[in-house]
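I opened my notebook and went through this model one topic at a time. My notes are below, in the order I took them.

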Amino acid sequence: MERNAERGNAYDSQANIQSDGGEKLSILTSHFFMDQVGDVVLTLQSDVLSWKSIESLSNEDVSSCLGILYASKGDTFIKISEVYAVEFIDWGVVHENRRANPGCLSGHSSEMYRFKVHGVQMSKGQPSLWTPVVYTFGHDNKQTCKMWVNQIKTFLGMETDRPKSLLVFVNPRSGKRNGCQIWENVAPLFSQAKVKTKVIVTERAGHAFDAMTSITNRELASYDGVVAVGGDGLFNEILNGVLLSRHKAPYPPVPPDNGQTVDTQNDIVDPGPIVTMAELLPSGEDESPLLSSTLDESQVPSINNDHEISFPSERFRFGLIPSGSTDAIVICTTGARDPVTSALQIIIGERLRLDIAQIVRWKSSQMSKHEPRVRYTASFAGYGFYGDVITESEKYRWMGPKRYDYAGTKVFLKHRSYEAEVAFMKVDPEKTDTQANGKRLKTFWGLSKDPKRVPCRAKCDVCNTNQTSEPQQDSKLVRVTGRFLSIGAAVISCRNEKAPDGLVADAHLSDGFLHLVLIRDCPRAFYLWHLTQLARKGGSPLNFDFVEHYKTTTFTFTSFGEESVWNVDGEVLLAHKLSAQVFRGLVNVFASGPET
């Protein structure tokens, strides 16, 4: 210990070096004993904490144990942007890494004052997985340790994009019904990072939706974001609760009446009034039961506009810690279905924009009146096969998540098709986004066979290019009519364990497009082939003559039958006439994007 103190005095004399002109913050350099490593020279700059092992435990040149010499370790560091907490832990034992000196039976350890640095690191084998890492440093001088702790805290305080206060909803019944346990596992990370959390455990279907529609803007503005501990259903429930009363936008185009010709320049149809009215589509589990009630205009709570909150919002973000049945949103936005990864990305303050689709149901049946009801979705809406599966699965809720496999098999064997019309916005292909490889997408015509996929990823060029979406010129609606096994509208790729590449492998998180996938009536064996390709990694589910894939910004739907059921993020929506539009980057989420 005396030897360490003597060397420490020499290095500590270099502490508090200031840069010329004061443009760069101070640098600290001191000798420390690092737990599981040994003697190091520790250096702190405004953006990095680095350490270098000292070659000797007994002298200035070599280290030895039982006569064996060992070379010094190389430089190691952690970026301040990857540090989420630092704490002084007083007097205690600091150990040398025995693996560094395998001939030493007892290893080397010392008692001294210590502080811990908590950070994150990415898995080498799976870069989308984040894990917490802790570095412990010891010194014989208490004030030296505290000085370093205070300086690191100062630099952490300059990470202004990190949340300080969050509203958290925990769904105890989603997925495997382990939402509360998952939150208990990750809550200590938020405590270490000094992130305040107000936690609400949902008690019924629609609990989070009701809470977010009734919360005042003043209270909402006191949080840096809202976090869902659950599945895609809870996330979309919260999303709808926030946006339905705060996002003001015209309706998408009204579906044309039978026989009406729609082919106009720019001004397609009267967009209708501003959206303010909501339909209650909350979730008791990860997905909700059949609709039993709706909100009329008088039931939508009035929001105190003392603090105006509008979207897109640069400050306010949404977070999702997975505990659902599929967790497609978190897989697409973080690249992993891992609660710890999601928690760390929230704490670190990762940010990316996410497209949101607005779904408007105009009529629930052929005979019903025009009564628009609005739903927002961050992932998917589907008709035909998708609507039938969610409807059938409601009969078997006691089976848990397995009910979807059972219901899917039953619906597949029935092989029902539906007559309908889809009208979508056709845009000049020359005005579509350009992919990273420089080739333009064939946006509004059926995609060619085996197209080159450019999947979304962290720091995606497609999502970060031309972020402001402007109305397309020379646009018109084009109709597609026929019998369909299914109609799908994907906002994101919807990757999950059953579809590893998702419904549309090259769908992006924030490119401003919906992906329409129309499956025309075909033999059951062909449809099975399509579903089999969906379940394959690297499959080609769109590479069939009976499958049509289009990218669009808006579409309308009209059913020609008596029954018409849509599946909107696991919710049942009865819709004879429906329209949808996408808002590019409408919300920000605590996520970094999937690593490749």
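**Entry 1: two backbone angles**

I looked up Asp569 and found it in the loop between strand E22 (565-568) and E23. The model is a predicted one. Asp569 has a positive phi of about 55°, although it is not a glycine. I noted this because most residues other than glycine have a negative phi. Is Asp569 buried or exposed? Asp569 is buried, with a relative accessible area of 9%.

Next I went to Asp90, which lies in strand E7 (residues 83-95). The phi of Asp90 is near 65°, again a positive value in a residue other than glycine. Asp90 has a relative accessible area of 36%. Buried means under 20% and exposed means over 50%. Asp90 is therefore partly exposed.

**Entry 2: a cis peptide bond**

I checked the peptide bond from Phe311 to Pro312. That bond is cis, with omega near 5°. I wrote it down because most peptide bonds are trans. Where is Pro312 found? I found Pro312 in the loop between helix H6 (232-243) and strand E13 (317-322).

**Entry 3: the whole chain**

I stepped back to the chain. How many helices and strands are there in the chain? I listed 11 helices and 24 strands. The chain has 596 residues, and buried residues make up 55% of them. Then I looked at contacts between residues at least 6 apart in sequence. Of these contacts, 75% join residues at least 24 apart.

**Entry 4: the nonpolar core**

I turned to the largest nonpolar core, which has 94 residues. Which of its residues touch the most other members? They are Ile238, Phe318, Phe555, Trp566 and Val587. I followed Val587 and left out residues up to four places away in sequence. Val587 touches Leu239, Leu243 and Phe311, among others. Phe318 and Leu352 are also on the contact list of Val587. Arg353, Leu354 and Ile356 complete that list.

**Entry 5: salt bridges**

I counted salt bridges next. The structure holds 17 of them.

The side chains of Lys198 and Glu219 meet in a salt bridge, at 3.5 Å from N to O. Lys198 is in strand E11 (residues 196-201) and Glu219 in helix H5 (residues 217-220), 21 residues apart. Lys198 is partly exposed, with a relative accessible area of 39%. Glu219 also counts as partly exposed, at 32%.

Glu571 forms a salt bridge with Arg375, and their closest N and O atoms are 3.8 Å apart. Why does this pair tie together parts that are 196 residues apart in sequence? Glu571 lies in strand E23 (residues 571-574) and Arg375 in strand E15 (residues 373-377), so the bridge links those parts. Both Glu571 and Arg375 are buried.

Asp405 forms a salt bridge with Lys498, with closest N and O atoms 3.2 Å apart. Asp405 lies in helix H10 and Lys498 in the loop between strand E18 (476-490) and strand E19 (514-520), so this pair ties together parts 93 residues apart in sequence. Asp405 is partly exposed, with a relative accessible area of 38%. Lys498 counts as exposed, at 54%.

Then I noted the network. Salt bridges that share partners join Glu392, Lys395, Lys410 and Lys414.

**Entry 6: the largest pocket**

I looked up the largest pocket, which holds about 1,400 Å³ of space. How many residues line the largest pocket? The lining has 43 residues. Thr326, Tyr404, Asp405, Asn496 and Lys498 lie nearest the centre of the pocket.

Helix H9 (385-393), helix H10 (402-414) and helix H11 (524-534) are the elements that give two or more residues to the lining. H10 gives the most, with six residues. I sorted the lining by type: 20 residues are nonpolar, 13 polar and 10 charged.

My last stop was Thr465, in the loop between strand E17 (418-426) and E18. Thr465 counts as partly exposed, at 41% relative accessibility. Thr465 and Ser510 are 45 residues apart along the chain. Their C-alpha atoms are separated by 9.5 Å.

How values were computed. Residues numbered from 1 in each chain as written. Predicted model: local features only at pLDDT ≥ 70, side-chain atom pairs only at ≥ 80, totals over all residues. Heavy atoms only, no water. 1 Å grid on protein atoms, 1.4 Å probe; cavity = no way out; pocket = protein on both sides within 12 Å on 5 of 7 lines; lining within 4 Å. Points joined across faces, edges and corners; volume = space filled by probe spheres on them. Helix = DSSP H or I, 4+ residues; strand = E, 2+ residues; numbered from the N terminus. Nonpolar A, V, L, I, M, F, W, Y, C, P; charged D, E, K, R; others polar. Salt bridge = Lys/Arg side-chain N within 4 Å of Asp/Glu carboxyl O. Buried < 20%, exposed > 50% of the residue type's maximum accessible area, 1.4 Å probe, protein only. Core = buried A, V, L, I, M, F, W, Y, C linked by side-chain atoms within 4.5 Å. Contact = heavy atoms within 4.5 Å.
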